[in-house]
Amino acid sequence: MTDTTKGGKAVSPLAPASFPTLPAIDGVRFAAGAVGIKYQDRVDVMLAHVAAESTIAGVFTRSATRSAAVLDCQAKLARLSGEEGFAIVVNSGNSNTFTGKRGVTDVDLIAQAAADALGLPPSRVFTSSTGVIGEPLPAQKITAALPELARMLDVAGAEPAARAIMTTDTFPKGAVAHVDVDGTPVKIMGFAKGSGMIAPDMATMLGYIFTDAAIAPDALQQMLSTCNIASFNAVTVDSDTSTSDTVLIAATGRAGNPLITAPHAAFQAALLDVMQDLAHQIVRDGEGATKFVEVRVSGAETEADADRVARAIANSPLVKTAIAGEDPNWGRIVMAVGKSGAVADRDRLTIRFGDILVAENGWRAESYTEDAGATYMKQAELLIDVDLGLGDGAATVWTCDLTHGYIQINADYRS
């Protein structure tokens, strides 16, 4: 797939062919508007309203410098009570991070304005902000727009909402799943944003998931947290963890299934599909990315060691630039394994590019040829497979290459 442009911005060559049709979720409505926080002539605020008697759960960044919005969401979830509905307000262009007491005040102002517009307590309004760090958020632009956004709420408004949360993203990211829950058809849909500053630590950049399933709060939180490990927490673009990482999931209960009170295998598998799809799209939209890379590690002494090795490879600038240059420099993978801090034995290590055996027994494989490796590296989607030969620990991380485009985007981010 070649680059195209939308709105003057080149779309990632790894982008899906189209944005999926997101089904209406009974009990959820969306609206989006352009208020000019940073970007001109594009939507930059979204409002979601979730009906009464729904449940909600979330996962968030563990960054020590997390934003006022993240701290507010965490506090509200911890003391949540009542059966009123929920609202979610998200803006792009400004992360409201490292903005002192004003940042807290601005979150409160937005929550109160949304609450007034929807007839909710402000304790049931969750906010997120994404964009530049360290600049005051023009909260009044958001609060002034919320009454009109509340009037615009529509069950079919998910795609504009997905576009409103984009920053350096080149395409909106959505995913859908349908699942049978104890004889009842259930829908799950979600959207996310992310392109740079991607190495989540408990969550993604921003992600919002909605389902019509009936799920108790504790079960919803358990399934979200479990699925997060193998989805949003298993991707990296540049090894940098955002201050604003947030994933929220709301379950309206309108499908009519028997209430899920503990992790449910079928629902959890479908939720994981949605979350992995969104996480992979974030990697596919990595700033300047031209390659989608799966790093699969097996044979480690522990799962933790496997994860260390996978992330060492996936985050290595040397590995990522070699991939960008289509150079099968497998020595950089050896380097990354060695620096990871995991237990490793040179003579038990096996490396493959896809199905191509590259190295084994402490040396390059006799069957390997540089031409085969170079040909493989020309593909847009790559697999780096490492077997440490020491145990049963395994992990998978998804990443992308590191190109000049990443430098150009981030060198000019605030201009």
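Reply: A residue counts as buried when its relative accessible area is under 20%, and as exposed when that area is over 50%. Please keep in mind that this is a predicted model. By that cut-off, 6 of the 6 residues of strand 4 (residues 45-50) are buried, so strand 4 is largely enclosed by the rest of the structure.

Me: Which residues of strand 4 lie on one side, and which on the other?

Reply: Val45, Leu47 and His49 are on one side, while Met46, Ala48 and Val50 are on the other.

Me: How many bridges join strand 4 to strand 6, and in which sense do they run, parallel or antiparallel?

Reply: Pairing is read from the bridges that DSSP finds between two strands, at least two being required. Strand 4 and strand 6 (residues 86-94) are joined by 6 bridges and run antiparallel. Within this pairing, Val50 has Phe86 of strand 6 as its bridge partner. Strand 4 also pairs with strand 3 (residues 28-33), again in the antiparallel sense and over 6 bridges. There, Leu47 of strand 4 stands opposite Ala31.

Me: What can be said in the same terms about strand 12?

Reply: Strand 12 (residues 292-300) has 7 of its 9 residues buried, so it is largely enclosed by the rest of the structure. Strand 12 pairs with strand 16 in the parallel sense over 7 bridges, and Glu294 has Leu383 in strand 16 as its bridge partner. With strand 17 (residues 393-400), strand 12 pairs in the antiparallel sense, over 7 bridges. In that pairing Phe292 stands opposite Cys400 of strand 17.

Me: Is Cys400 buried or exposed, and how many disulfides does the structure hold?

Reply: Cys400 is buried, because its relative accessible area is 0%. Cys227 likewise counts as buried, at 3% relative accessibility. The structure holds 0 disulfides.

Me: How should I read the salt bridges, and how many salt bridges are there?

Reply: Side chains of opposite charge can pair when their charged atoms come close. The cut-off applied is 4 Å between a side-chain nitrogen of Lys or Arg and a carboxyl oxygen of Asp or Glu. By this rule there are 18 salt bridges. One of them joins the side chains of Lys173 and Asp169, at 2.8 Å from N to O. Both Lys173 and Asp169 are buried. A network of salt bridges links Asp169, Lys173 and Asp285.

Me: Which residues make the nonpolar surface patch?

Reply: Phe98, Ile133 and Met197 make a nonpolar surface patch of about 310 Å². Ile133 is placed in the loop between strand 7 (125-132) and helix 3 (139-152). At 34% relative accessibility, Ile133 counts as partly exposed.

Definitions and conventions. Residues are numbered from 1 along each chain as its sequence is written. This is a predicted model: local features need pLDDT of at least 70, side-chain atom pairs count only at pLDDT 80 or more; totals for chains, interfaces and linings use all residues. Side-chain values use heavy atoms; hydrogens and water are left out. A disulfide is a pair of cysteine sulfur atoms within 2.5 Å. Buried means under 20% relative accessible area, exposed over 50%, partly exposed in between (1.4 Å probe, protein chains only). Helices (H or I, at least four residues) and strands (E, at least two) are DSSP runs, numbered from the N terminus. Patches are made of residues with over 30% relative accessible area and no salt bridge: like charges are joined within 9 Å, nonpolar side chains (Val, Leu, Ile, Met, Phe, Trp, Tyr) within 5 Å. Accessible areas come from the Shrake-Rupley method with a 1.4 Å probe; for residues, only the protein chains shown count as cover.
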